[in-house]
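Me: I have a protein model open and I would like to learn how to read it. Can you take me through it?

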Amino acid sequence: METVRHSSVLGRFGHALSDPKRARILLTLRDAPAYPSELAETLGISRQSLSNNLACLRGCGLVVAVPEGRRTRYELADPKIGHALADLLEVVLAVDPQYCAAAATDGCC
């Protein structure tokens with residue numbers, strides 16, 4: 001049963017990272033919490049798109065909304081997520097770029 005539960009958790013993480021906008025949001029929040037207006041401007045995406053992607057990331061349990069008066073700040077749900085993103089980046093960047101290109105043309109990535 002642990003394998004099933006673990007694969008579900010990894011699936012949610014993978015789903016979150018499968019969209020480049022969500023990945024950019026996570027990487028930005030890894031550096032520091034931010035308000036939606038700041039995130040939209042920094043990432044160059046519409047507020048509607050940002051809102052939809054933040055809702056997905058909240059649903060995956062990766063980010064949390066922290067009310068601050070009339071504003072809401074977003075941050076990673078747990079500092080370990082930032083460490084996991086850093087570790088994952090190291091692994092992915094260590095892979096041979098030619099392998100990644102071949103996998104992409106095969107429809108893998």
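Me: Where do I start? How many helices and strands are there in the protein?

Reply: Keep in mind that this is a predicted model. The protein has six helices and two strands. Read from the N terminus, the order of elements is α-α-α-α-β-β-α-α.

Me: What share of the residues counts as buried?

Reply: The protein has 109 residues, and 26% of them count as buried. The accessible surface is about 7,300 Å². Carbon and sulfur atoms hold 57% of that surface.

Me: And contacts along the chain? What part of them links residues 24 or more positions apart?

Reply: Take the contacts with a separation of 6 or more. Residues 24 or more positions apart make up 53% of these.

Me: Now helix packing. What describes two packed helices?

Reply: Two values do: the angle between the axes and the distance between the axes.

Me: Which residues meet where helix 2 packs on helix 5?

Reply: Helix 2 brings Leu26, Leu27 and Arg30. Helix 5 brings Gly82, Leu85, Ala86 and Leu89. By type, the residues of this contact are five nonpolar, one polar and one charged.

Me: Let me try another pair. Are helix 2 and helix 4 roughly parallel or roughly perpendicular to each other?

Reply: Use the angle again. For helix 2 and helix 4 it is about 75 degrees, with the axes 10 Å apart. Angles from 65 to 115 degrees count as roughly perpendicular. So helix 2 and helix 4 are roughly perpendicular to each other.

Me: Which residues meet in that pair?

Reply: From helix 2 come Lys21, Arg22, Ile25 and Leu26. From helix 4 come Ser49, Leu50, Asn53, Leu54, Cys56 and Leu57. The contact divides into six nonpolar, two polar and two charged residues.

Me: Time for single residues. Why does asparagine 53 count as buried?

Reply: Check the relative accessibility. Under 20% means buried. Asparagine 53 has 9%, so it counts as buried. Asparagine 53 sits in helix 4, residues 47–59. Skip the residues up to four places away in sequence, and asparagine 53 touches Asp19, Lys21, Arg22 and Ile25.

Me: Next, leucine 26. Is it buried or exposed?

Reply: Leucine 26 has a relative accessible area of 0%, so it is buried. This residue belongs to helix 2. Beyond four places in sequence, its contacts are Ala16, Leu17, Leu57, Leu62, Val63, Leu76 and Leu85. Pick out leucine 62. Leucine 26 and leucine 62 are 36 residues apart in sequence. In space, their C-alpha atoms are 8.3 Å apart.

Me: How far is arginine 30 from aspartate 78, in sequence and in space?

Reply: The two are 48 residues apart in sequence. From C-alpha to C-alpha, arginine 30 and aspartate 78 are 9.9 Å apart.

Conventions: Residues are numbered from 1 along each chain as its sequence is written. This is a predicted model: local features need pLDDT of at least 70, side-chain atom pairs count only at pLDDT 80 or more; totals for chains, interfaces and linings use all residues. Side-chain values use heavy atoms; hydrogens and water are left out. Contact means heavy atoms within 4.5 Å. Helices (H or I, at least four residues) and strands (E, at least two) are DSSP runs, numbered from the N terminus. Ala, Val, Leu, Ile, Met, Phe, Trp, Tyr, Cys and Pro count as nonpolar, Asp, Glu, Lys and Arg as charged, and the others, Gly among them, as polar. Buried means under 20% relative accessible area, exposed over 50%, partly exposed in between (1.4 Å probe, protein chains only). Accessible areas come from the Shrake-Rupley method with a 1.4 Å probe; for residues, only the protein chains shown count as cover. Axes are lines fitted to C-alpha atoms, for helices over the stretch in contact, and angles run from 0 to 180 degrees between N-to-C directions. Angles under 35 degrees count as roughly parallel, over 145 as roughly antiparallel, 65 to 115 as roughly perpendicular and the rest as oblique.
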